[in-house]
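Grab the viewer and try each task before reading on.

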Amino acid sequence: LSEMPCCVALSFSSKILRVVEPKCDDGKVTIPPMSHFSFSLEIVPMRINPGYLKQIKVVNHSNRDNDLFLKLRSNNVDSNRVSLHALYYTVRSEHPSNTVSFDTLVTNSPMLRTFTIKNV
């Protein structure tokens, strides 16, 4: 723990990994003196990859000489043979990444999104 505030951010490039918390535009988090902060990451594997490895850079904007690197490892397996089942259909949505996204919702207000399932 430090007696000075610190501004940090995570830096990486990935299609299957994203920062869930903090939810901020620039990804920077200011950590007050003598405290800590936890980042939450989400991984959504798109294919079998028993040796997935991603390097994540922790950028210290307060002291660039103190940037850190960490490795994220994952064993992406398909124990339920879902990828074999997925060969028989495709999902088509209007979203470019082919996801059904509800983004920001207003409480007690219905929201509708459509998607198509095509049997191949």
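**Exercises: rings and charges**

Start with Phe37, which is partly exposed at a relative accessible area of 35%. Keep in mind that you're working with a predicted model.

**Exercise 1.** Work out how the rings of Phe37 and Phe39 are arranged.

*Solution.* Check the distance to begin with: ring centres have to lie within 6.5 Å to pair. Here the centres of Phe37 and Phe39 are 5.2 Å apart. Next, the angle: over 60 degrees counts as edge-to-face. The two planes sit at 80 degrees, so this pair is edge-to-face. Phe39 is partly exposed too, at 25% relative accessibility. The aromatic pair count comes to 1.

**Exercise 2.** Find which parts of the chain the salt bridge between Arg18 and Glu42 ties together.

*Solution.* The closest N and O atoms of Arg18 and Glu42 are 2.7 Å apart, and the two form a salt bridge. Now place them: Arg18 is in strand E2 (residues 17–21) and Glu42 in strand E4 (residues 40–43), so the bridge links parts 24 residues apart in sequence. Arg18 is partly exposed at 43%, and so is Glu42 at 31%.

**Exercise 3.** Trace the network that salt bridges with shared partners build around Asp67.

*Solution.* Asp67 meets Lys57 in a salt bridge at 3.8 Å, N to O. Asp67 lies in the loop between strands E5 and E6, with Lys57 in strand E5, so this pair ties together parts 10 residues apart in sequence. Asp67 also bridges to Arg64, at 3.0 Å. Put together, Lys57, Arg64 and Asp67 make one network. As for burial, Asp67 is buried at 18%, while Lys57 at 24% is partly exposed, as is Arg64 at 48%.

Notes: Residues numbered from 1 in each chain as written. Predicted model: local features only at pLDDT ≥ 70, side-chain atom pairs only at ≥ 80, totals over all residues. Heavy atoms only, no water. Phe/Tyr/Trp six-rings, centres within 6.5 Å; stacked < 30°, edge-to-face > 60°. Buried < 20%, exposed > 50% of the residue type's maximum accessible area, 1.4 Å probe, protein only. Salt bridge = Lys/Arg side-chain N within 4 Å of Asp/Glu carboxyl O. Helix = DSSP H or I, 4+ residues; strand = E, 2+ residues; numbered from the N terminus.
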